[in-house]
Amino acid sequence: MNPVSELIKNLADQNGRNRHSLLPILQGVVEQEKYLSEYSMIEIARELDLPASEVFGTATFYSFLEYKKMGKYIIRVCKTITCSMKGKNQILLAIEDMLKIDVGETTPDGVFSLLQTNCLGFCHKAPAMLVNNEVYTDMTPEKVRDILSSYLKKQKEGGSHDN
Amino acid sequence: MEMINLTIDHKPVVVRKGATVLEAASGIGIDIPTLCYMKLEDMNIENKPGGCRVCVVEVKGRRNLAPACCTEASEGMEISTHSIRVVNARRTVVELILSDHPADCLICAKSGNCDLQDMANHLGIRKIHYQGEHSMYREDTSPAIIREINKCIMCRRCETMCNDVQTIGVLSAVNRGFQAVVSPAFEMNLDHSVCTYCGQCVAVCPTGALTEVDETGAVIRALSDPTKTVIVQTAPAVRAALGEEFGMTAGTLVTGKMVAALRRLGFDYVFDTDFAADLTILEEGTELLNRLSAFMAGDQQVKLPILTSCCPAWVKFFEHHFPELKDIPSTARSPQQMFGSIAKTYFADKIKVKRENLVVVSIMPCLAKKYESSRPEFSVNGNPDVDYALTTRELAHLINLGNIDFKSLQNEDFDAPMGESTGAGVIFGTTGGVIEAAVRTAYEIFTGKQLPRLDFEELRGMEGLRKATIDFNGTPINIGIAHGLGNARKLLEEIQAGTSEFHAIEIMSCPGGCIGGGGQPYHHGDSEILKKRQRAIYSEDQNKSIRKSHENPYITKLYEEFLGAPLSEKSHHLLHTKYFDRS
Ligand code: SF4
Ligand code: SF4
Ligand code: SF4
Ligand code: FES
Ligand code: FES
């Protein structure tokens, strides 16, 4: 069985197969796969006996459920007022400059994706950003470069282990 | 029942607990405008997402205005439905909707029938004080339905019809905020989805976001082409609704005027789909009897219940969702397609016109019929049996274009031979009618006796699921009827589970049957209109001198001259079809 199908089946076994189980299952797939492919949405629809349009509708409604292929690390920069006023544009520029991608894009090596998000609840430490589930606050362009460098390093080491 | 006392516009009202402010107000004749809200009484169809906020009212003691359609009435409430504050808020809401709406009314297919246009007019909006971005979305054209999502106001009525009533689940709100649209999964086009083209979403869409594919232009071109002979067939449900488009009260039968109008428009022969409905009964009824006799002779393999197959949306539904049952429905084509097939063989020969020069137009209450006529199995060398399927609404447009004063037309009769029909053919237009027509014929052939009565009240009505047992002279025949695909699904699940008690089942996709078809004049959520159309259909049946399909003399002649017998080799070739697995 395809690993995603198996994941979905297991998630459905854990969470149940009614409509309420849809969100936890979508989240479970995103946690593993980083995004929901068309294939996995159809599989979920089949597993829960829901229309595919409803699964797709739910996936596209929640901003933390990605439905386009994403990199290993998803960077989400807060775009809401406080962070905007405290310099989130500089942060974005620094990231775009360093990774050579625009918002919404993924680096060709599939390591980073860059997105914006709404308020993260860290307005008092604005500007804020997330890398996967990790929160970073009081960002400055220097700080963000350091953080990304550390991820790059981690990736290289991890990569050499793999080889 | 617990009752609640409140006042609306200073008038005291008593309502049952649980009623909304909107219901309480309408109970005492106070009209609160609504836009997204829709309720089809008796059919358990309700849409109240509370999205548009046009229905807001002032509740004394509350800071915010409350949407009447989804606010429960409570003890002692004091409501104002038309205070300055309310009216201003309503106007703001509508102006905001209009600020993101293409101002296309001049050329929009819904113009004159659009709830948003009516609302803007009702509130006297002459200037839009807000300007902003416009949502842009590609247009999606399928064989039957056009989606112009720029005109969508996210009322979600279409979703209610598609998901709750029809249980198809094609349409769902996707994306968020300004980007939100109602769309099939993965934002595919409709023709890549499991859409049945039942058209129920089009029937309830308040704006021009969902409309039918308009083929009136092509028909006008055919009519003005001197090399073509153009014939027309009219489905039973059309005559019970067409009058509404000309301001006549719902339920007025306009058969004779419709025939006269079609002649004025220049059709060379005006025929009746009811003729083909009679033919369907002979084919389908014989099939039913064959299966029944085999079953009674102890054949365990025989497929029962037999399901009707005259509704193309239903056919597409089971091809997608129940392909394993595709041997159960009758193989008889729909009356529309039987007509086309006979017209382009038997009739074309009779009048010595080549197939390519004979244009068959049908007037249907239905959008799925547009799709059906485009199915490749209903063409011969690329020439379709039915060239164009227009809706009742499109016919009304043609009549208006032709500057025909419909109301004052004198009644005229259909042409022979394919215009002659029986009462059994007429009742195809309403839920329960096909099976009643089949019973009238099958009973007499099966028992060899005259029917003691022709009206089978037990098969009639508006309940979504009905059943009845008809005594075939000692043999009880169990009959099931479903309208609305959600109800049909229930019967199919029983068959799948092997628990179905029925011998024969009639299924119609549209609530009410074809009288409630997706191509009929818009009923704007008034289900009384459907009941009136249904009564009109039964009264036309009453008025017919012949009311059993097998007694139609022109059908008898057709078999003698051309087809041989029901289910003959030739009938199989011309009048039957096969189904595909589309899962
Ligand atoms: S035509 Fe019928 S099946 Fe297709 S989207 Fe509309 S309601 Fe759904
Ligand atoms: S397409 Fe029509 S019915 Fe559906 S949500 Fe939009 S406006 Fe409403
Ligand atoms: S019930 Fe009648 S109008 Fe509705 S889809 Fe079927 S054939 Fe068409
Ligand atoms: S505005 Fe950015 S965290 Fe609240
Ligand atoms: S009609 Fe009440 S919110 Fe739309």
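The shell around ligand 1 divides into nine nonpolar residues, two polar and no charged. By that I mean that Ala, Val, Leu, Ile, Met, Phe, Trp, Tyr, Cys and Pro count as nonpolar, Asp, Glu, Lys and Arg as charged, and the others, Gly among them, as polar. Surrounding ligand 1 are residues of chain B, including B:Cys162, B:Cys195, B:Cys198 and B:Cys201; a residue is near a molecule if one of its heavy atoms lies within 4 Å of it.

A quick word on the ground rules. This is a predicted model, where local features need pLDDT of at least 70, side-chain atom pairs count only at pLDDT 80 or more, and totals for chains, interfaces and linings use all residues. Residues are numbered from 1 along each chain as its sequence is written, chains are lettered from A and ligands numbered from 1 in the order in which they are written, and side-chain values use heavy atoms, with hydrogens and water left out.

On to the other ligands. Ligand 2 has a shell of ten nonpolar residues, one polar and one charged. Among the residues around ligand 2 are B:Cys152, B:Cys155, B:Arg156, B:Cys158, B:Cys205 and B:Thr207.

Now let's step back to the domains, whose bounds come from an automatic or database domain assignment. Chain A is assigned domain 1 (3-59) and domain 2 (73-156), with their C-alpha centres 28 Å apart. In chain B, domain 1 covers 3-122 and domain 2 covers 226-275 + 336-408; 40 Å separate those two centres, taken over C-alpha atoms.

Is B:Leu325 buried or exposed? B:Leu325 counts as buried because its relative accessible area is 9% (buried means under 20%, exposed over 50%, partly exposed in between, with a 1.4 Å probe and protein chains only). Look for B:Leu325 in the loop between α9 (312-321) and α10 (335-350) of chain B; helices here are DSSP runs of H or I with at least four residues, strands are runs of E with at least two, and both are numbered from the N terminus. B:Leu325 and B:Ile128 are 197 residues apart in sequence and, C-alpha to C-alpha, 55 Å apart in space.

B:Met1, by contrast, is exposed, at a relative accessible area of 79%, and sits in the segment before β1 (3-8) of chain B.
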